[in-house]
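Student: Hi! Could you walk me through this structure while I have it open?

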Amino acid sequence: MTHPTEQHQMSSALHVVIWDQPGKPPITNCTTVYWNEFFSPARSHSKISLPRYVEDNSDNLKKRFLSFVREVGESQVAGKSTIQHLRILPEFSYWWMTLFACKRWNTTSNIIEAVRLLALEDILREMKPAKVSFATERRAIKNIVRDWCARSGVEFQFLTSPDSKLSHRFQLSRLIPRPFGAVLVFVREVSRRIRAPRNMAPISNSADVVLIDYLTRFDTDSALNGQYRSGFWNILTNSLDDAKQTSFFFHQFVAHSVTPNRKTTDRFLKGLNSRSTTQQHFLLDARLSAGVVFKALFIYFRLLKTRFLIRKIKRSFSPSKSQLDLWKLFKKEWLDSLSGVAAILHSLTISELHHDIPRFPPCRT
């Protein structure tokens, strides 16, 4: 005869609730996986903390996620890998500039959600539930878990609450084609560059080292006195000077409290170039020319064509040995990388780099 406690554990294992809402779940006779709540240990009675589980298994989950990214890049579409399809210049594959391959660790990158989904799959595979209920406001996550349940033969239930906004959310941006938005941003960025102060011509026509960065996290007082003290490069700039290595710095403009516009930034650049005999500093996007504009458009339209050629890439967004389909999670940033605002901004950056850096041979980049 089965003990009542054992019967409760068996029934709890058959029904799993994934809770991504404030407060407590209404269902009590089940195992609850808390999507956001962090507590120790990761498993306590019939409660599981997904964030804590991820932390406890971080090395394995990180390895699997990075392998998944590599698999997408190496996946074969129409006889070539994704990386090869995105070789927009002879020496460069745009793959490394896609928002997906960049693996940006921020709130919009969906990396955290992807890792949690991998962890959730491990938990569900171990528990083998007959039913999964999910309470969440995250449409993509809900659909991914629902599809996983369908593939795994598990009943799925979506738990709604009176305050749920999942079915009422609507984004106007969905009605605007990505290329149209990209054109608007392109016009805006070109007009900004036209109005920006023109960089001075380089004192020399060659450099030992070329460095590219975002113009942020630097000491402004030192910059006005001709010294580039960067929180990003740390002692590298001083080491280059001590070694008598000539260097060109191409800075990408970043609007913030110190440099709110390009005119203010130009003042710092003039200060940096006023005294140093080994360093020269330039704003990458203040060297606009007709050649840069046309090459950027050429790169962008090539990306549009490539997006169409590799449209079946979505089939590759399932990690190996997994039933998860993560395409819904990364679809937006992938399409934005190949046809949206990110695509046109990256095209401008590539064009500017390709236009400027080859002008200073010989150099080591």
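**A chat about the fold and its charges**

Tutor: Let's begin with Arg315, which sits in the loop between α11 (290-309) and α12 (327-339). Keep in mind that this is a predicted model.

Student: Is Arg315 buried or exposed?
Tutor: Arg315 is exposed, with 64% relative accessible area.

Student: Let me zoom out. How many helices and strands does the protein chain have?
Tutor: The chain has 13 helices and 11 strands. Of its 365 residues, 47% are buried.

Student: Which residues form a nonpolar patch on the surface?
Tutor: Ile176, Phe180 and Leu184 do, and together they have about 290 Å² of accessible area. Phe180 belongs to helix α7 (residues 178-195). With a relative accessible area of 47%, Phe180 is partly exposed.

Student: Okay, salt bridges next. How many are there?
Tutor: The count comes to 14 salt bridges. As background, side chains of opposite charge can pair when their charged atoms come close.

Student: What does Asp20 pair with?
Tutor: Asp20 forms a salt bridge with Arg138, and their closest N and O atoms are 2.6 Å apart. Asp20 is in the loop between β1 (15-19) and β2 (31-34), while Arg138 is in the loop between β7 (131-135) and α6 (139-152), so the pair ties together parts that are 118 residues apart in sequence.

Student: Which of the two is buried? Start with Asp20: what is its relative accessibility?
Tutor: Asp20 is at 10%, so it counts as buried. Arg138 is at 28% and therefore counts as partly exposed.

Student: What does Arg151 meet in a salt bridge?
Tutor: Its partner is Asp325, at 3.8 Å from N to O. Asp325 lies in the loop between α11 and α12 and Arg151 in helix α6, so this pair links parts that are 174 residues apart in sequence. Arg151 is partly exposed, with a relative accessible area of 41%.

Student: Where is there a network of salt bridges?
Tutor: Look at Arg188, Glu189, Arg192, Arg193 and Glu352, which are linked in one. Within it, Arg188 and Glu189 form a salt bridge with their closest N and O atoms 2.9 Å apart.

Student: Are those two buried or exposed? Arg188 and its accessible area, please.
Tutor: Arg188 is partly exposed at 37% relative accessible area, whereas Glu189 is buried at 7%.

Student: One more topic: where does Thr237 lie?
Tutor: Thr237 is in helix α9 (residues 236-242). Its relative accessibility is 1%, so Thr237 counts as buried.

Student: And what does Thr237 touch?
Tutor: Leaving out residues up to four places away in sequence, Thr237 touches Tyr228, Phe249 and Gln279.

Student: Great, thanks for the tour!

Methods:
Residues numbered from 1 in each chain as written. Predicted model: local features only at pLDDT ≥ 70, side-chain atom pairs only at ≥ 80, totals over all residues. Heavy atoms only, no water. Helix = DSSP H or I, 4+ residues; strand = E, 2+ residues; numbered from the N terminus. Buried < 20%, exposed > 50% of the residue type's maximum accessible area, 1.4 Å probe, protein only. Contact = heavy atoms within 4.5 Å. Salt bridge = Lys/Arg side-chain N within 4 Å of Asp/Glu carboxyl O. Patch = residues over 30% accessible without salt bridge, like charges linked within 9 Å, V, L, I, M, F, W, Y side chains within 5 Å. Areas by Shrake-Rupley, 256 points an atom, 1.4 Å probe, with all protein chains shown as cover.
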